[in-house]
Amino acid sequence: MSVSATARITAVADGRGSTLLPVLESDGPLAVRRTRSPEAGCARVTVVGAMSAPLGGDRLSIEARAEAGARLSVDSAAATVALPGAGPEAGAASYTIRLSVGEGAVLRWLPDQLVSAYGSELDMVTQVELAAGARLVLREEQILGRHGEQTGSLSTRLTVRLAGRPLLDQQVAYGPTAPGGWDGAAVLGGHRAIGQLLVVHPLFEDAPAAPRLLGTDAVLTPLAGPAVLVTALAADARLLRGILDEALSGLPNGA
Amino acid sequence: MTTRAALLVLADGRFPAGGHAHSGGAEPAVTAGRIRDPRSLADFCLGRLHTTGLTAAALAAAAAHGLDPLALDEAADARTPSPALRAVARKLGRQLMRAARATWPGPELDALATARPRGAHQPVVLGLTARVAGLGPEDAAHCVAYETVSGPATAVVRLLSLDPFEATAVLARLAPALDRVAEQAAAAAREGIDALPAASAPLLDIAAEAHAARPVRLFAS
């Protein structure tokens, strides 16, 4: 039996330097909990996978808003594992993330890895709407197959708009249902862990970052707007996280 | 009106638009040992075709269909996170614009050249050129899709001293995939700017920056 569920988070500034969460709605397998924030004035929410998801056929989504001046940090309790559905008719699962960040607000969206298990099929869509002056730190990590396993089929699209204009639009597809060449010399070159770290900050408006190589298979690049993107490939999840963490330590972390 | 000859003029590798100085990411892939032989070249070309090739073909098809070239240029920026590749796309766009205005002069090309004096993204210029030359979205998409693979194949002949017959055979075997990508690109273009694909290739972005930083190289990109 497939599941359709939408979890919702809304963060608002209380006007006295704190952030409140007037909306914090769990749904189905997506449980959202307020957790202790290491940073004053910032609300932290942890997505707790209450059961194994997404399975083939599931339709999951999370909507998170940080309204003007709010500071919200979202992480997860564990990696998300895309698994095959029950029976051959289950079809692909979908996972949709909709984020919006208001003027002067900060959103840190730092979930754990998305693992594409053998036989699974998942379409992931992340849409971000940023107001002018919004700040964002967003990490995406895709791991193709559990340990020693072949990958499932995974497609993702990340679309970010800033003040209504396109800032970043990236779409990838890996695995058995992806078009040919995805594992070859132009796309993955045999790597099994793929990561992106996007940092949007008004600081980059006047002082764009310089492009920089991070080892042999990762790069930090300034986008055509006030943002940098780290694109990284690695052999496994641990090495990938190491590259992204190191890159993040040198970037404005939403502050 | 038949336009087949105009398509040949635009798609000809000898059309003076500067593409010969670029390997489409093949040189860094050869340097890294990822392209070694016809088989890995075919894999590279197929991956590039289905990612940045589809994305660029759809931008060209959209410009040929009559969508706003400046909005498409912005969409191209958002689809090109590598500043080295944005610079290459604009440089090639500027060079193509010069050749196109001399070949098919008209107000549409003049307007884009004025709005983007340092060059618009090459696929957008190509699509608009196709439009001015009386060609359609499929034609523009075919041109760009073919360039996506012919550039690397030609470059690898020089970089690896690969037999030119083998490189041409790689291209010929890609023909059905090229047709499908061009059709897909043109179909997306007809649905409007929000329907355009954004397929990307992490390794091409990473390698492009590494290549741009290299002091000695045969091809500019």
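How much accessible surface does chain B have, and what share of that surface belongs to carbon and sulfur atoms? In this predicted model, the accessible surface of chain B comes to about 9500 Å², and carbon and sulfur atoms account for 55% of that area.

**Figure 1. Chain B is built with eleven helices and zero strands.** Taken along the principal axes, its C-alpha atoms fill a box of roughly 45 × 35 × 30 Å.

**Figure 2. Inside chain B, 57% of the 221 residues count as buried.** Contacts tell you about the fold too. Take the contacts in chain B between residues at least 6 apart in sequence: 81% of them join residues at least 24 apart. Charged side chains are part of this picture as well, with 22 positive and 21 negative ones in chain B. The centres of these two sets lie 6 Å apart.

**Figure 3. Helix 11 of chain B is largely enclosed by the rest of the structure.** Why can we say this of helix 11? The helix spans residues 202–212, and ten of its eleven residues are buried, so the rest of the structure largely encloses it. As you follow the helix, look for its buried residues, including Pro202(B), Leu203(B), Leu204(B) and Ile206(B).

**Figure 4. Tyr174(A) and Trp182(A) form an aromatic pair.** A search of the whole structure finds two aromatic pairs over all chains; here you can look at one of them, the pair of Tyr174(A) and Trp182(A). Their rings are 6.2 Å apart, centre to centre. With 55 degrees between the planes, the pair is tilted. Are these two residues buried or exposed? Both Tyr174(A) and Trp182(A) are buried.

**Figure 5. Glu246(A) is an exposed residue in a helix of chain A.** You will find Glu246(A) in helix 2, which covers residues 237–249 of chain A. Its relative accessible area is 63%, so Glu246(A) counts as exposed. Now look for Leu214(A): Glu246(A) and Leu214(A) are 32 residues apart in sequence, and their C-alpha atoms are 9.1 Å apart in space.

Conventions: Residues are numbered from 1 along each chain as its sequence is written. Chains are lettered from A and ligands numbered from 1 in the order in which they are written. This is a predicted model: local features need pLDDT of at least 70, side-chain atom pairs count only at pLDDT 80 or more; totals for chains, interfaces and linings use all residues. Side-chain values use heavy atoms; hydrogens and water are left out. Helices (H or I, at least four residues) and strands (E, at least two) are DSSP runs, numbered from the N terminus. Buried means under 20% relative accessible area, exposed over 50%, partly exposed in between (1.4 Å probe, protein chains only). Contact means heavy atoms within 4.5 Å. Accessible areas come from the Shrake-Rupley method with a 1.4 Å probe; for residues, only the protein chains shown count as cover. Lys and Arg count as positive and Asp and Glu as negative; His and the chain ends are not counted. The place of a charge is taken as NZ of Lys, CZ of Arg, CG of Asp or CD of Glu. Rings of Phe, Tyr and Trp (its six-membered ring) pair if their centres lie within 6.5 Å; planes under 30 degrees apart count as stacked, over 60 as edge-to-face and the rest as tilted.
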